[in-house]
Amino acid sequence: MSIPLPPYGAPSPDSPAALELRQVRKSYGSHDVLRGIDLTVAPHEVVCLIGASGSGKSTLLRCVNLLEPVTAGSISLSGQEITAPGVNADLVRRHIGIVFQSFNLFPHMTVLRNITLGPVKAQKMPRAEADQLARDLLARFGLADRAGDYPDRLSGGQQQRVAMIRALAMSPRLMLLDEVTSALDPDLVAEVLDVIRELASSGMTMLLATHEMNFARDVASRVAFLADGEIVEIAPPADLFVRPQQERTQRFLRRVTDAGRL
Amino acid sequence: MAESPLDLTRRGPRLLGGGGGQTRAVALSTASTVVVVAVIAALFLLAPGSAQVRHTFFSPPDLWHSLIGDPAKGYYSIGAAIWLNIRMFLVAEVFILVFALVLAIVRQSTGPVMLPLRVVALLYVDVFRGVPTILVIYAVGFGLPALDLNVVSTQGPAVYGVIALVLSYSAYVCEVFRAGINAVPLAQVGAARSVGLTQAQSMRYVILPQAVRTIIPPLLNDFISLQKDTALVSVLGSIEANRAAEIYSATVFNYSSYVVAAVLFLILTIPLAHFTDHLIARDRARRLAGAAP
């Protein structure tokens with residue numbers, strides 16, 4: 001079943017939320033990874049998920065992209081429930097871009113083919129049009145001369161930028177970024193963060209899991225602190241980082257500060 | 001470019017030891033080869049039955065006659081008969097690739113709807129990997145004609161032989177395909193699905209191309225084996241190389257024809273074997289290059 005969605009960037013009037021999670025739960029057997037997540041992301045908003053490893057950030061993102069089925073609760077994209085039975089997950093995913101920690105570029109394809117695979121095969125875009133789109137995006141993010149290269153010839157930072165472009169080429173209404181800088185050498189992190197900043201300033205709605213607290217403080221509209229599969233606290237960065245209300249948030253931020261990461 | 005000792009060891013074992021024109025190493029390996037060959041030749045030539053063996057297996061006129069054949073004297077040309085082996089191999093190979101891929105995809109499928117097919121595929125692989133190829137050849141070659149059906153029961157022995165080889169080898173090659181599919185990281189599936197590809201599209205454009213790359217060497221290995229196993233079809237009476245050699249030896253009472261058949265099979269299999277080695281070496285080199293920063 002196809003779900004008709006308004007074009008990217010145009011929120012439907014009766015549902016202002018780009019993304020809405022209601023009491024989302026996810027369990028693997030008896031292990032509860034997400035224990036009732038409520039989260040609303042407005043159009044053009046950038047929400048950062050912070051929290052220790054294993055707090056459920058990645059699982060949350062994978063659930064939103066329907067790569068993992070939720071155990072309970074509902075997720076709506078622009079007011080349409082995508083966790084309803086009968087929803088075609090392949091169609092939903094064409095509206096949501098996701099970028100992984102480990103890039104996951106297709107090693108047997110050139111950079112250009114990596115980017116055009118989705119548009120050409122899933123969206124049935126004519127090859128010439130997809131190539132042009134890919135070249136425009138590569139130029140926009142400073143990779144114009146890399147179109148013909150295979151991923152293993154690129155640095156980690158370049159590979160991650162290509163992965164971002166691959167997701168953007170689908171013209172997603174929502175981007176999910178899962179610790180996209182965690183696997184990078186420190187000197188390559190900045191170039192990827194710059195791409196995210198550019199996307200944020202261009203109005204892209206984003207939900208991102210990150211360990212880069214300074215970056216979260218700069219770019220986020222709101223920051224959500226996750227622990228044990230729950231959102232402990234969610235607030236604009238100026239509040240959450242400066243005046244955390246919850247004891248658990250305070251403890252986490254103190255540890256991060258002690259480690260010199262904030 | 002200077003090579004570090006590490007670079008040299010990375011190349012793996014080589015036929016001639018050492019690199020860079022080490023005359024001493026070449027001289028040593030030549031000498032040891034000569035000695036080994038001389039000892040084996042001496043053992044062969046000095047054995048009490050040597051003259052008898054040379055006459056029975058390596059008689060030049062018989063080698064020649066069995067190679068070119070003489071229908072008037074009741075035996076066939078092995079040189080012509082091997083052409084049937086080649087044709088059986090080529091036809092079987094294509095069907096095996098297609099059938100094995102279908103089997104592998106069915107076995108890899110998830111989803112409850114596919115369960116019956118999955119069970120059938122699993123049983124198929126278990127049975128045909130477990131039964132000796134020659135028994136499958138007997139079963140197909142004598143079973144299908146006995147059914148007395150149109151078309152199905154009226155084929156020549158070579159056709160039944162090919163069917164049997166396809167049935168038997170597809171089970172092996174299916175498992176090779178599966179190993180290749182499983183070797184592709186699961187994250188690649190996630191990446192493919194996240195750009196909106198369906199399960200089938202992910203398989204077609206992302207998983208299989210990567211899987212095939214890793215399985216080409218083991219696949220060719222199975223095909224070398226298949227080239228030889230075409231000789232088993234002789235039990236059905238089709239005049240392929242092994243059968244032609246058998247007829248010659250039964251007519252003339254000389255086994256040189258088997259040596260001819262063996263040499264012809266070697267001429268077929270050795271190039272494929274070395275092509276496989278070459279691919280493995282190239283893949284290894286490419287992986288090492290890819291691992292460099």
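1. What percentage of the 262 residues in chain A do buried residues make up? The figure is 43%. The model is predicted, and the points below should be read with that in mind.

2. Chain A has a secondary structure of nine helices and ten strands. Its radius of gyration is 18 Å, close to the 18 Å given by the globule rule for 262 residues, so chain A is as compact as a globular protein of that length. The C-alpha trace of chain A spans about 55 × 45 × 35 Å along its principal axes.

3. On sequence separation in chain A, the count takes contacts between residues at least 6 apart in sequence; of these, 67% join residues at least 24 apart.

4. Within chain A, one helix pair deserves a separate point. The axes of H3(A) and helix H4 (residues 127–140) of chain A come within 9 Å and cross at roughly 130°. An angle over 145 degrees would count as roughly antiparallel and one of 65 to 115 as roughly perpendicular; H3(A) and H4(A) are therefore oblique to each other. Their crossing is right-handed.

5. The residues in that contact can be listed by helix. H3(A) contributes Leu112(A), Ile115(A), Thr116(A), Pro119(A) and Val120(A). From H4(A) come Arg127(A), Ala130(A), Asp131(A), Leu133(A), Ala134(A) and Leu137(A). By class, the contact of H3(A) with H4(A) has eight nonpolar, one polar and two charged residues.

6. Chain B is built from twelve helices and zero strands. Read from the N terminus, its elements run α-α-α-α-α-α-α-α-α-α-α-α.

7. For the dimensions of chain B, the radius of gyration is 25 Å, whereas a compact globule of 293 residues would have one near 19 Å. Along its principal axes, the C-alpha trace of chain B spans about 70 × 70 × 25 Å.

8. Buried residues make up 29% of the 293 residues in chain B. Among chain B contacts between residues at least 6 apart in sequence, 71% join residues at least 24 apart.

9. Where the chains meet, 20 residues of chain A are in contact with 17 residues of chain B. On the chain A side, helix H2 (89–93) and helix H3 (111–122) each supply at least two residues. H3(A) gives the most to this side, with four residues. The side of chain A that touches chain B has, by class, eight nonpolar, six polar and six charged residues.

Notes:
Residues are numbered from 1 along each chain as its sequence is written. Chains are lettered from A and ligands numbered from 1 in the order in which they are written. This is a predicted model: local features need pLDDT of at least 70, side-chain atom pairs count only at pLDDT 80 or more; totals for chains, interfaces and linings use all residues. Two residues are in contact if their C-beta atoms, placed from the backbone, lie within 7 Å. Ala, Val, Leu, Ile, Met, Phe, Trp, Tyr, Cys and Pro count as nonpolar, Asp, Glu, Lys and Arg as charged, and the others, Gly among them, as polar. The radius of gyration is taken over C-alpha atoms; the globule rule is 2.2 Å times the number of residues to the power 0.38. A residue is buried if 20 or more other C-beta atoms lie within 10 Å of its own, exposed if 12 or fewer, and partly exposed in between; C-beta atoms are placed from the backbone. Axes are lines fitted to C-alpha atoms, for helices over the stretch in contact, and angles run from 0 to 180 degrees between N-to-C directions. Angles under 35 degrees count as roughly parallel, over 145 as roughly antiparallel, 65 to 115 as roughly perpendicular and the rest as oblique. A crossing is left-handed if the near helix is turned anticlockwise from the far one by less than a right angle, and right-handed if clockwise.
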